[in-house]
Each structure stands twice: as C-alpha cells, then as structure tokens.
Amino acid sequence: MIIARTKKELNRYLKLVRKANKTIGFVPTMGALHKGHLSLIKCSDNENNFTLVSIFVNPTQFNNPDDLKKYPGNETEDLDLLLRESCDIVFIPDVDEMYPEDDKRIFDFDGIDKVMEGKFRKGHFNGVAQIVSKLFEIVRPNKAYFGRKDFQQVAIINYLNKTYLPDLGIDIISCDIIREGDGLAMSSRNRLLSVSERKSAGLISKILTKYGRKFSGYSVEELRNRIAEEINLDKNLEVEYIDIVDDESLQTVSEIIPGKTTICAAVYDGNVRLIDNIAIT
Ligand code: AMP
C-alpha cells in the first residue's frame, strides 16, 4: 500500500494507474476507521482495479470548533487496518496541502442543504462540498463510495457531482449502513461514548426500526413525536431533530409513502452527537 501525503506524490502514482488503463474507486474518509469505512473499501475493490482511500479531517465542515478538536483519530491504527484491506493508495494530506489559501466558494444546493443537518450545522455541507470537490478534482476516480449512514450527505454529493462537476464523469455509489450487534450505526464518534452512553446509543436504531420497518399508519406529526418521546425517555439521550422526509427532495413529507420516505434522526448522547436514519418500508 502506498502512502501519499501531497498532491504531487499522489499524482505521480495516479498517472501510472491511468496510463495502465486501470479504473479507480475512491473512498473519502475522516479516519478513525471502522467496519463502515471498510465496507466501502470492499465495494470499491469489487468494482474497480484500484482503490484509493483518503483520510482528512476537513476543518471547513465543522461548525463547532470544539467538535473538530475532539474528533477522534489515530493514524497508526488506521494504517494497520488499511494494510489488511484492499486499499492500494492512502492519501493523507494536511490542512495546508488541501487549503493553501482560504476556500471562499459558496455552493448552492437548491434547498437540500437547508434542512436537517444543514439546519442544525450551519455551513456544514458547504464545507463538505469544498473538500469533496477538491478531492474529486485531484483523484478523478471512476467511482466514489459514500455511506447511507450520512443520508443527506449522499444527496448533497450527488447534486454536487451532477451540477458542479459533470465533466469529471464520476459515478457516485451509495452503500448500506453497517451496524453494531445492537443496531447502533457504526461511527467514528462512537469511540467518544462512555460505557453508559454506549448502552443508551443502541436505543436510537431500535426505536427507529420499530417505527420504520413496518409502516405504522401514524401521521407524520404523530410519528415524529412518538419517536422523539421514546428516545428522550433515556437519561443520556436528547433528540435534536427527528424528520420524516421524501427520499428525493429531502423535505418533510405531508404523507408517508412506504418505499419513498426516510426517518432521519440527530440525537445527543451525553455530549456526543449521533445521526441515523431508516427507510420506511
Ligand atoms: P467519515 O469518516 O465519518 O466522514 O465517513 C466516511 C464515509 O464512510 C462516509 O461516506 C460515511 O457515510 C461512511 N460511513 C460512516 N459510517 C458508516 C457506516 N456505519 N456504514 C456505512 N458507511 C459509513
């Protein structure tokens, strides 16, 4: 596995890969890798000749400086994991390498950035678009892999790719959510949970599944309130939002249509903010 820390180094290798007509699959991450990340790498390996993983904690997508400071990371552990996976190159740039100057670009997402994560984390998706567009332009992969754990992010990336970067011809592939035994969606942030918070965290997906797996017949408002109330019963958990949205527009639905509607949640577990979602079937 090759480790590249600069765009120049990375380009040197990528030139050879392209010259050999190999297809490139790209998995962008912020490190603190877990089985969710590894599943994206496996998908990429199945569909491409070559897999490139990036590890970069992107400061412009953090609206809260404290959250950025606390974001978990351990490069040695990440590299150990990647060595055992089918990762061909890992790109680990530093902030100056990715932002030699301030990125002042403002992206317009036609409203899909204004709800849920976008509403509660102002500027988050603009930061995501800044880093992903830079990485896409450097790597120019055939396919890029994202997890549905970040449901709204997948929609933002699809929009970014289609509207701002059509000439790169990248296929965006979204992959299933990988969960712990108790249903908790795997996340780098789970490392920040205390033992008692970790126990509570499992309830989030349990409650979402209870209401999402089998269409309950509740109205949107009733469903939202029931889920929030049940989650808030746990002493560690506090709902930031529950939203029930259309899979395409990401706007709150007036009527639930199984197969086209998703329940999205952001919940504080102690001080750790967790997100999850489940499609209503
Ligand atoms: P992150 O390092 O949190 O920015 O995540 C990098 C990529 O891994 C994103 O596309 C995430 O959606 C994806 N990802 C994170 N957690 C999971 C999970 N539990 N299952 C599937 N994909 C995930």
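This is a predicted model: local features need pLDDT of at least 70, side-chain atom pairs count only at pLDDT 80 or more; totals for chains, interfaces and linings use all residues.
Student: Which residues of α10 are buried?

Tutor: In α10, the buried residues are Val220, Leu223, Ile227, Ala228 and Ile231. They cover an arc of only 120° around the axis, which puts them on the same side of α10.

Student: And what do they pack against?

Tutor: The buried residues of α10 pack against α9 (195-212), β7 (237-246) and β8 (261-269).

Student: What span should the 13 residues of α10 have?

Tutor: Helix α10 runs over residues 220-232, and at 1.5 Å a residue it should span 18 Å. Its end C-alpha atoms are 18 Å apart, so the model agrees with that expectation.

Student: Turning to charges, how many salt bridges does the structure hold?

Tutor: There are 16 salt bridges in the structure.

Student: Which side chains does Arg224 meet in salt bridges?

Tutor: Arg224 meets Glu221 at 3.1 Å, N to O, and Asp243, also at 3.1 Å, N to O. Arg224 lies in helix α10 and Asp243 in strand β7, so that pair ties together parts that are 19 residues apart in sequence. Glu221, by contrast, lies in α10 together with Arg224, three residues apart, about one turn of the helix.

Student: Is Asp243 buried or exposed?

Tutor: Asp243 counts as buried, because its relative accessibility is 9% and the cut-off for buried is under 20%. Arg224 is partly exposed at 21%, and Glu221 is partly exposed at 41%.

Student: What about Asp176, which side chain does it meet?

Tutor: Asp176 forms a salt bridge with Arg148, at 2.3 Å, N to O. The pair links distant parts of the chain, 28 residues apart: Asp176 is in the loop between β6 (171-175) and α9, and Arg148 is in the loop between β5 and α8 (151-163). Asp176 counts as exposed at 53% relative accessibility, whereas Arg148 is partly exposed at 31%.

Student: Which residues are linked in a network of salt bridges?

Tutor: Asp67, Arg121 and Arg189 are linked in such a network.

Student: On the backbone, where is Arg140, and what is its phi?

Tutor: Arg140 sits in the loop between α7 (124-139) and β5 (143-147). Its phi is positive, about 45°, although Arg140 is not a glycine. Most residues other than glycine have a negative phi. Leu250 also has a positive phi, near 65°, and is found in the loop between β7 and β8. Arg140 is partly exposed at 42%, while Leu250 counts as buried at 1%.

Student: Lastly, which residues form a nonpolar patch on the surface?

Tutor: Met1, Ile3 and Leu83 form it, with about 260 Å² of accessible area together. Met1 is in the segment before β1 (2-4).

Conventions:
Residues are numbered from 1 along each chain as its sequence is written. Side-chain values use heavy atoms; hydrogens and water are left out. Helices (H or I, at least four residues) and strands (E, at least two) are DSSP runs, numbered from the N terminus. The expected span of a helix is 1.5 Å times one less than its number of residues. Buried means under 20% relative accessible area, exposed over 50%, partly exposed in between (1.4 Å probe, protein chains only). The arc is that of the directions from the helix axis to the C-beta atoms. Contact means heavy atoms within 4.5 Å. Patches are made of residues with over 30% relative accessible area and no salt bridge: like charges are joined within 9 Å, nonpolar side chains (Val, Leu, Ile, Met, Phe, Trp, Tyr) within 5 Å. Accessible areas come from the Shrake-Rupley method with a 1.4 Å probe; for residues, only the protein chains shown count as cover. A salt bridge is a side-chain nitrogen of Lys or Arg within 4 Å of a carboxyl oxygen of Asp or Glu.
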